[in-house]
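Dear colleague,

Please find below the structure that I am handing over to you. My notes on it follow directly after.

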Amino acid sequence: MPLPQSTLSTDEFLELEHDRSAIDAFVGKENARSASRLEDKAFRADRTAIRSILEDTDKLIQTAQRGKWLYSFERTRTQPRGVWRRIRANGRPASEGPWESVFDLDAFCAREERVWHWRGAVTAPFDPDRVMIALSDGGSDRWRFIEFDCEAKAFVADGFDLPAQKANVCWLGPDELLVCASQDGGATRAGWPRVAKRLVRGASLADAPVVFEGNHTDVGLWAQAFIRGVDTPLMVIRQVIDLGKMALTCLTDDGVRWQADTPLDAYVTFSKSHYAYHPREEADPLCGALVLCSHEATRAGRPEHRVVFRPSERKVLDWRGVKLLGDWLIFTVEDNLVPSLYVLSLHDETAEPEALALPEAGDMVAVVQRHAEPQAGDDSLQLYTQGLLRPPAVYWFDLDGGPAGVRFALMGREPDRFRADCAHARLLTATSDDGTKVPYRLVLPKDAAPGDCPVLMYAYGGFGTSVVPGYLGLWGKLWVERGGAYVLAHIRG
């Protein structure tokens with residue numbers, strides 16, 4: 001309801017609702033007040049230490065392979081919007097290596113006289129040099145997709161260029177995209193895509209035929225397509241019905257459609273041949289398990305649900321670590337929060353999950369595929385690992401020789417940002433008032449006595465997932481190295 005006129009007339013901050021110059025003046029004044037109180041010699045020294053760490057070019061570089069190149073998007077002091085660059089894939093991606101600039105976002109924004117934010121590139125399965133660059137309009141959820149030729153380092157003349165909207169795309173062929181769009185009446189009430197369309201080169205998105213239509217009450221649609229290694233292109237539509245509830249629908253070019261046989265509350269991932277799901281409803285007897293099914297059996301009306309992992313009191317699946325590859329299922333299990341990696345052959349019905357011996361211990365491990373588009377590459381993988389006191393590292397490996405033949409090759413490690421030898425980390429458990437056991441990690445100075453040092457505690461949990469432990473970095477330099485204790489509580493949320 002509108003405020004009474006008497007309130008409006010006495011509100012000294014009312015102009016901050018609409019007057020840009022008043023806003024700038026107010027912010028400047030308040031910042032100056034804060035600076036006069038806080039910016040002493042110690043503050044300036046801390047600021048210098050923080051900047052030194054954040055701007056250090058000697059850091060771990062995350063890459064994705066396309067053809068014979070490793071690609072990475074980096075922001076620098078001279079290119080604050082960022083530059084998409086690449087280096088030959090036959091070496092290690094070092095900061096000072098012979099990188100080539102492929103797409104300069106700062107220069108693009110200057111030409112467009114508009115602010116765009118990098119959101120990645122959707123790689124064509126038939127050609128790793130052909131991508132749809134995704135750019136966010138001013139940092140919003142409205143993305144623009146533009147066809148780009150990595151070999152020419154230029155946008156494709158008269159190529160695909162989808163206007164900014166809440167959307168997602170994937171390739172169906174050299175001249176066709178599968179687009180989940182929200183414009184022209186295609187949005188859910190949440191504003192996300194409600195329809196999936198097949199867009200051919202030269203056609204209008206508004207006139208493109210609809211292949212799947214969700215409900216107005218849905219959250220939105222997200223799509224993926226498999227066009228290599230299949231008899232006919234397979235389109236998979238992820239229909240998010242509500243927060244925590246989704247359905248998976250598969251469609252082929254020959255008009256066949258079927259739905260994955262999963263509970264609505266389950267997390268689901270998929271490949272061209274299989275899908276795996278993780279039920280989360282406590283009343284479900286498979287709650288917390290990892291279940292594997294094949295598209296072929298489901299399409300034939302006889303889905304076979306193979307349980308490959310069941311949880312126990314302190315041994316749980318980390319859904320973020322589940323990956324379906326061409327020939328393997330790979331997943332992460334946490335035993336009292338200590339991660340382990342398992343693999344299972346998709347084509348041997350008698351096979352059992354096998355644990356991989358990790359190259360080093362870590363509070364967190366994550367596996368990502370090395371190729372930006374595995375259909376245009378292979379199933380080689382990258383393992384990222386780090387701990388509260390151990391800086392991030394990345395290893396390359398593959399499963400060509402099976403689990404027993406895995407060899408991890410160290411490709412990079414971030415330098416130490418603080419003296420980790422001055423502290424030690426422990427994994428402990430606290431019991432809440434209702435009896436729930438809550439695990440937490442404690443980083444304690446080695447010479448500290450109980451109650452003898454200040455404690456900084458952090459906790460977050462949401463959607464059934466707790467925060468992932470990572471290298472302390474800045475906190476280690478400014479807090480732990482100076483004798484402070486750090487607590488990370490793993491609440492579920």
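Predicted model: local features only at pLDDT ≥ 70, side-chain atom pairs only at ≥ 80, totals over all residues.

Although D184 is not a glycine, its phi is positive, at about 55 degrees.

L337 also has a positive phi without being a glycine, with a value near 75 degrees. Its place is the loop between β23 (328-335) and β24 (338-345). L337 is buried, because its relative accessible area of 13% falls under the cut-off of 20%. As background, most residues other than glycine have a negative phi.

I turn next to a sheet. Four strands make up an open sheet, ordered β1-β2-β3-β4, with antiparallel pairing. At its edges are β1 (64-66) and β4 (100-104), each of which pairs on one side only. On average, neighbouring strands of this sheet are turned by 35 degrees against each other, direction ignored. Helix α4 (residues 105-112) packs on the sheet and touches β2 and β4; the direction of α4 makes about 30 degrees with that of β4. Within the sheet, six bridges join β2 (residues 69-74) to β3 (residues 83-88) in the antiparallel sense. Y71 has R86 in β3 as its bridge partner.

Finally, helix α3 (residues 41-54) comprises 14 residues and spans 20 Å from its first C-alpha to its last, close to the 20 Å expected at 1.5 Å a residue. The N-terminal end of α3 is capped by D40, which has a side-chain oxygen 3.3 Å from the backbone nitrogen of A42.

With kind regards

Notes. Residues numbered from 1 in each chain as written. Heavy atoms only, no water. Pairing = 2+ DSSP bridges. Helix = DSSP H or I, 4+ residues; strand = E, 2+ residues; numbered from the N terminus. Axes fitted to C-alpha atoms, helices over the stretch in contact; angles between N-to-C directions. Contact = heavy atoms within 4.5 Å. Expected span 1.5 Å × (residues − 1). Polar contact = N/O pair within 3.5 Å; in protein donor to acceptor, adjacent residues only side chain to side chain. Buried < 20%, exposed > 50% of the residue type's maximum accessible area, 1.4 Å probe, protein only.
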